[in-house]
Amino acid sequence: FADCFVSLSNYRITTNEIMNTPKRAVVVGATNGIGKAISCRLAADGFSVVAVGRNKEGRADEIVKNLTECSLAAKKSEQDATTQHEFRPCDAFSLAQVKECAAGIVRDHSKIDALVMTQGMATIQGFTPTSEGNDEKLTLHFWSRAAFAALLLPSLRASSMPGGPVVMTILSGGVHSPYTKYKE
């Protein structure tokens with residue numbers, strides 16, 4: 001049973017090693033809320049960010065401009081900010097759009113160092129079908145996340161970031177108040 005555990009001493013890396021390595025992150029749900037904030041933080045930390053979200057008129061330019069400002073705010077000069085950011089439109093209610101978006105990302109980016117999935121909605125409504133016949137909540141919170149992770153896996157496996165790639169999923173970030181009865 002002990003063979004199942006990996007010693008963390010093999011994975012000690014320094015912040016300097018990570019910060020001085022070119023990095024690319026894909027953030028799904030990057031147009032608002034916690035996804036937008038995480039995208040900005042990653043841009044400030046030197047990641048080239050592929051922001052994924054629903055498209056509205058002018059949104060792509062606004063998102064890329066915001067990410068560029070986040071990069072510049074963390075650098076000493078515009079010459080220090082060499083990261084390139086982009087916006088990819090995708091409505092994660094549609095698994096067909098998820099597949100198309102992920103295929104485009106893999107085609108254009110052979111290496112991805114971080115995948116952050118924050119897409120979501122706060123609702124208690126019952127079954128609400130998507131245009132594909134799936135439930136909206138399950139598609140957004142589960143199926144689209146599984147699909148993005150599986151479809152981006154070839155580029156994640158190619159990551160050269162010290163410590164390997166990171167995949168993070170955030171569900172209902174900031175929607176619920178802290179649970180105060182955990183000791184009862």
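Which helix is the place of Trp 143? Trp 143 sits in helix α5, which covers residues 136-157. Welcome to a short tour of a predicted model, in which local features need pLDDT of at least 70, side-chain atom pairs count only at pLDDT 80 or more, and totals for chains, interfaces and linings use all residues. Residues are numbered from 1 along each chain as its sequence is written, and side-chain values use heavy atoms, with hydrogens and water left out.

**Overall make-up**

- The protein has 5 helices and 5 strands; helices (H or I, at least four residues) and strands (E, at least two) are DSSP runs, numbered from the N terminus.
- Of the 184 residues in the protein, 38% are buried; here buried means under 20% relative accessible area, exposed means over 50%, and partly exposed lies in between (1.4 Å probe, protein chains only).
- The accessible surface comes to about 11400 Å², and 54% of this belongs to carbon and sulfur atoms; such areas come from the Shrake-Rupley method with a 1.4 Å probe, and for residues only the protein chains shown count as cover.
- Among contacts (heavy atoms within 4.5 Å) between residues at least 6 apart in sequence, 70% join residues at least 24 apart.

**The sheet and its helices**

- The 5 strands of an open sheet are ordered β3-β2-β1-β4-β5, with parallel pairing; two strands pair if DSSP finds at least two bridges between them.
- At the edges are β3 (86-89) and β5 (166-169), each of which pairs on one side only.
- Direction ignored, neighbouring strands of this sheet are turned by 15° against each other on average.
- Strand β1 (residues 23-28) runs parallel to β4 (residues 114-117), and 4 bridges connect the two.
- Within this pair, Val 27 stands opposite Val 116 in β4.
- Helix α2 (residues 33-44) packs on the sheet and touches β1, β2 (47-53) and β4, with its direction at about 165° to that of β2; axes are lines fitted to C-alpha atoms, for helices over the stretch in contact, and angles run from 0 to 180 degrees between N-to-C directions.
- Helix α4 (residues 95-108) also packs on the sheet, where it touches β1, β2 and β3, and its direction makes about 150° with that of β3.
- Strand β1 is joined to β2 by 6 bridges, and the two run parallel; in β2, Val 49 is the bridge partner of Ala 25.
- Because 5 of the 6 residues of β1 are buried, this strand is largely enclosed by the rest of the structure.

**Salt bridges**

- There are 6 salt bridges in the structure, each a side-chain nitrogen of Lys or Arg within 4 Å of a carboxyl oxygen of Asp or Glu.
- One of them joins the side chains of Glu 69 and Lys 65 (3.6 Å, N to O).
- Glu 69 and Lys 65 are 4 residues apart in helix α3 (residues 59-73), so about one helical turn separates them.
- Glu 69 is partly exposed at 42% relative accessible area, while Lys 65 is exposed at 53%.
- Glu 86 and Arg 88 meet through their side chains in a salt bridge (2.6 Å, N to O), and both residues are buried.
- Glu 86 and Arg 88 also belong to a salt-bridge network with Arg 107 and Asp 108.
- Asp 135 and Lys 137 form a salt bridge as well (3.1 Å, N to O), and both are buried.

- Leu 138, Phe 142 and Trp 143 make a nonpolar surface patch of about 330 Å²; patches are made of residues with over 30% relative accessible area and no salt bridge, joining like charges within 9 Å and nonpolar side chains (Val, Leu, Ile, Met, Phe, Trp, Tyr) within 5 Å.
- Trp 143 has 43% relative accessibility, so it counts as partly exposed.
- Ala 96, in helix α4, is partly exposed at 48%.
- Ala 96 and Ser 144 are 48 residues apart in sequence and 9.7 Å apart in space, C-alpha to C-alpha.
- Ala 158 lies in the loop between α5 and β5 and is partly exposed at 31% relative accessibility.
- Leaving aside residues up to four places away in sequence, Ala 158 touches Ser 110 and Lys 111.
- From Ala 158 to Ser 110 the C-alpha to C-alpha distance is 6.9 Å, with the two 48 residues apart in sequence.
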